[in-house]
Structure formats: C-alpha cells, structure tokens
Amino acid sequence: MKRINFSKKNLAFNIISAVVLLLIIFSLIVSIIGYEGFTNAFEKEYKETTANMAYTATALVNGDRIDDYLAEGGQSEDYLQTKERLDIFCQRMNVSLVYVIKVDTSDYGRFTSVFNSVGKDTPYTPWEIGYQQETTNESYAEIYKEIYDGTTLYGTIYRTKDLKGAPPHITTLVPVKNSQGEVVSILCIQRPMSEIREQRAQYLVNVAITAIILAIFVSIAYARHTRKSFIDPMRKITDETSRFAKENKQGERLGDISRINEISTLAHSIDKMEEDMLHYIDNLTSVTAEKERIGAELNIAKIIQENSVPNIFPAFPARKDFDVYASMTPAKEVGGDFYNFFLVDDDHLAMVMADVSGKGIPAALFMMVTNILISDRTHMGGTPAEILTFVNDNICEHNRADMFVTVWLGILEISTGKIIAANAGHDDPAIYRKGGSFEILKNKHGLVVGAMSGIKYKDFEIQLNKGDKLFLYTDGLPEATDKNEKMFTLEGMINALNQHKEKAPLQILDGINEAVNAFVGDAPQFDDLTMMCLELKGESAVKTLTVDATTENLSAVNEFIDGFLEANDCPMKAQMQIDLAVEEIYVNIANYAYGEGTGKAEISVDNNGGEITITFKDSGVPYNPLEKADPDIMLSADEREVGGLGIFLTKKNMDTVTYEYADGQNVLTMTKKIG
C-alpha cells in the first residue's frame, strides 16, 4: 500500500522532471549551435555601431578650423567648446578614447594631435594639442592614406591589448572634412569590446529562460490533463457526503476514485467515517454514548479540516518582502469557513478567504472541494475572475445539495505590490496605508459561487506600498454577538484593528481575538471566525515624479532617474545612455510642450525583470518626435539639416522608443535592458 501511495504522489513530479531534463538538453544543443553564429553577427553589428558613433562625433568638429586650432594652441573659445563636447560624448558613450589627429600626408608616418578625450577607468593619459607621434604601425598608415584619398569611408582595427595594458578593444577611424568636402583630419574612437562578452552571456541566459518557460507550459498542460483525476472524484465525494448527511444510510463505497494521493485519502476517510458513524448510530444505547462517538468522528473531521489549510507559521520564513498570518475558529467542531495562501511563483502570492453556507461536516467537505479547485486552477494561471468563473461552473454542474460559498480571491505581485482580485459575494476587506489607519476597501461584488452557472466574475486592482497591510475576514467577525445579542459590528472591528495597526500580522490577529473574546464573553457563537492579515514589506518597483515642465527642473529629473538606476544596480554605460535620452526628451517637453505657458511633466520609471521602462507624460500640444526623419550623419555639420540629432541618439541608445497621444496627453515610452 505504501508503494502505491508513493507512486501516486510522485507521478506528476516524475513526468515533469523528465520533460524538463529533455528541455535542458535541447537548450544546450541550441546554445552550442547558435553561439558561433551569434558571436559573428554581433561583432559585425558592433563594428557598424562604432562607425556610426564615430560619424556622430565628427558632427561636433568644425573641419574648417583644424589648422586654426593648431595655430592658436587650443586657446580659442571655439576650440574649448568643441573639446568640452567631445569630452562629454566620450563619457556618455562609454568609449575609451575619442581623438582627432592631423596626419602628415607626405608618407603618413607621423601625426599631430588636435583633440584628445579620455573615458573613465582607462589607462590612457590625454595628449595635449600639438603633440606629435610616429604612426603606430603600417596598418594605421595604410588606413590613414585610404581615408585621405577617399577610397574608404572608415577604417577599423581590432586589438587584444596595447602598450598601456588596455583590455581588448576596437579602434574606428573616420574622416573629418571641411566645408569643401576635403579630408583635413581623422577622428578616432577606441571602444572596449566587453559588450560582446556580456551579450554572449545574455544569449545563454535567454536560452535558459526559454527552457524554464517551456517547462512551465508543460507543467500547466500536465495539470490540465490530470483534471479528470480529481475533479470528477471530488464531485462524487460531495454528492456522497450530501446524501449521507440527509439519509444517514450506507451508500456505494468511494474507494480508490483518484490517482491523487490526497483525494484518495479523503475518499477512504469518508468511507471510514460513514462506516464508523453508522456503526455508532446502530449501537447507540444512550445520549452520552451517542455524543461521545459522534464527537470522536467530528474530531477526525476537524483534524482533516485543520490540515487542509496552511497552519504552520511563519509560513515563508525565507521571504523578507512580505508577512502573512491567518487563523480559523469554527463555531462547531468543524465549520464552513476557510482561508488559503500559497506562492503561485516566486513573485506572486495567491490569497483566498471564503465562507460556505451552512455548518458541520457537509459545509466542511464542500469547503475542501472548493479549496482544492481554487488552488489547482490558480496554479494553471489566469486572473482571479477567470479562476472563480471556472470554479463556479464546475461546482454548479453537480451541486445537488444547493450549497454555495462566498469567496474573495486575490493574487499579489510581490515586486510591485499590485493585487488583482475578484469578489464572489464576500465581505469587503480592510486596508491599512502606512502612517494612516485601517478602513474598509469597497470593491466590485459578484454572485456567490455555486448559485448559478455561467456567471462571469470581474477583476479589480488594489495597490499596496511598503508598510501597507490587507485584512481579510468572514462575517463571523463583525457578527459576533454578546449575551444581549448585540453585534461586534464593522465599526468595532476597525477600532480593534487600529489599536494594533503598527504591529505585525500575528499580533494584529491576536489583538482582534482578544477584543472579540472580551466583547462576547460567555455568549455562545453561531458562526465561524476566520481572519487573515498580509503586510507588504518590499517597495513598489514603479516610481513617479511630477514637476513643472521647466528647464530649471532638469537636475531634479536627473537625480530622480539616477537614484532609481543606482538602486537597481544599473551599469554605468547604460546609465549614461539613459541619462542622455532622458535629458533630450525632458528638455523638448520643457521648451515646446506648452508654448509660452507652463504645465506639468510626469516621469515614471519601472524595472521589469532587468528592463528599465521610462514614461514621459505631458498635457501640451500633441507632437510625435518620432515622425521626424533621422538625420544623415554621413554629411558634414554644415551640410546636414538642423535638428533631429538628439532624437536620433535617443533611439540609438535605447532599445525601444514609442509614442502615443491618449486621454489628452503626449505619452512617450522608452525601454533599456540593463541585466
């Protein structure tokens, strides 16, 4: 018998484990085949991107002034401004060097430094203007000649290291032309190749994530496949228990009606309970014996019921981002209330609070059926409304006992604090905002589960922030009565909650129990008392800043964005690229959105699995900056049309940039992968 139970319990695990193993092997094969092709393609893109960066930098240099800069010794205001722009470009684009040289065209064996900008964390010392040096090697001299002759648009040299001990890098050389189109100097960019290694690692991570997602889909498919293994058996159990509760006669034994160990155990327990209770009833000789025997069976049912809900606390000792505690006190030996909470995945916690019509064993069994259906359907995925719709249809299909249950079901996204919930005729929860007080949170109600098939429930959202608490309960709490039949009431519940609002969930529920016990005294209670309290300890990932759309507030916007990026371990290169894009978009809003008037700008930033999303909103004149054509960066500064370079750089630096006009607002959204 033990071997049979063991195979039942581990069947799903064995199947899913085998599929996951095959997915891992497949992922390894895909990784090996695609690794080489991915590397070659990325190196080609890296080379072209570096060339585009170099051509963009040439737009900052006036080719007509190269000889003047050398003659003036770099003291002119024009030279200093250009030098400052190149320094900023070097820092924000995260390159090692940006320099402009004038080559001796007699033999291309010597050059003179005009500009030289050095990036952060590099071993180089910047050259002074006028510094002269022999050409590094013949490869450089050949590229110099081809650029001056106009036979190539740009040259590229890869190096694993140099005399300064710099890491592997790529050097791209492009011509700097004067207004007549003549090549007067060469601009060089040296860029570290660390991104290639990072992208290779990201490629392998993506393969791993894909394997995990496939494993999840397989698990869901398996869960659906096993529906027949427990839903139909549970219906038989419900029908049998309702029949037995009405007739008190031996029926058809349930036996091994499912491959699921828990359901099979429940069926055997019910068979045994019916057999034992009939045996006790047939042999009753006195009221005392009847109470003792029925009490023994009810005690078994009570133990089964208690073990059907989480009752070990702390429930998730390893989790520091939330705390949850619950309690259930039946009015009789067994009751119809139940609660449940469980992790759907590492970032989603499901919470259930429900109250079955009636009391005693039928209500307790109906409660167990409903609890199992909700739990299993939640693990299959979907919103709370979809889950309750599914559970209601399945219960109504064979609900001969005409029982029903009120249910509040919510799924918390732990990282953001957002709860998606649905309410099937249950009491409204109470919510505590940090620094405030508990209050009833009104929400949409649907029909109770089990009353009518075909009901479509609706979702609603609740946003929790750090330090907020959510309190769930059944009507046995506000309807607890004293000896004068006076109710505890919702007002009494809120007052009791606020006396302990700063405490942890465990202490809050203990305080509520003490308040209820003090109120009711020795008066008997006729309804179950079930409560749950959740405290969110982690911060919401979404941050929002609203400022007057003026250029004076640019520093505040930069501090807001940089603070979020630093808190989320954003790499310096990505932070510089994001800063450049944020500055471009915000300055455009400040200068043009409201014309001569003033208005507000809202900036929101979020981190979703290592992808930073920044959204700008303003109520100014409708304008889509993405409609403007990209500038031709191959042209010189004088030939190129004014404007558009900032948006062009923004699109190059960010992964995606989108625009829409909705609800009277310009909405521009940018994303950047940082991990």
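User: Which strand does β7 pair with, and is the sense parallel or antiparallel?

Analyst: Bear in mind that this is a predicted model. β7 pairs with strand β16 (residues 529-536) in the antiparallel sense, over eight bridges. One of the residues involved is M328, whose bridge partner in β16 is T530.

User: And is β7 mostly covered or mostly open?

Analyst: Mostly covered: six of the eight residues in β7 (322-329) are buried.

User: OK, now the five-strand open sheet. What's the strand order?

Analyst: The order is β17-β18-β19-β21-β20, with antiparallel pairing. At the edges sit β17 (543-548) and β20 (656-662), each pairing on one side only. From one strand to the next, the twist averages 15°.

User: How many bridges join β19 to β21?

Analyst: Eight, between residues 611-618 of β19 and residues 665-673 of β21. In that pair, D618 stands opposite N666 of β21.

User: Which helix packs on that sheet?

Analyst: Helix α13 (residues 554-567), which touches β17, β18 and β19. The direction of α13 makes about 10° with that of β18.

User: What lines the largest one?

Analyst: Twelve residues, with R235, T238, V369, N394 and I395 nearest its centre. Helices α6 (227-247), α9 (360-379) and α10 (384-397) each supply at least two residues of that lining.

User: How does the lining divide by residue type?

Analyst: Six nonpolar, five polar and one charged.

Terms used:
Residues numbered from 1 in each chain as written. Predicted model: local features only at pLDDT ≥ 70, side-chain atom pairs only at ≥ 80, totals over all residues. Heavy atoms only, no water. Buried < 20%, exposed > 50% of the residue type's maximum accessible area, 1.4 Å probe, protein only. Helix = DSSP H or I, 4+ residues; strand = E, 2+ residues; numbered from the N terminus. Pairing = 2+ DSSP bridges. Axes fitted to C-alpha atoms, helices over the stretch in contact; angles between N-to-C directions. Contact = heavy atoms within 4.5 Å. 1 Å grid on protein atoms, 1.4 Å probe; cavity = no way out; pocket = protein on both sides within 12 Å on 5 of 7 lines; lining within 4 Å. Nonpolar A, V, L, I, M, F, W, Y, C, P; charged D, E, K, R; others polar.
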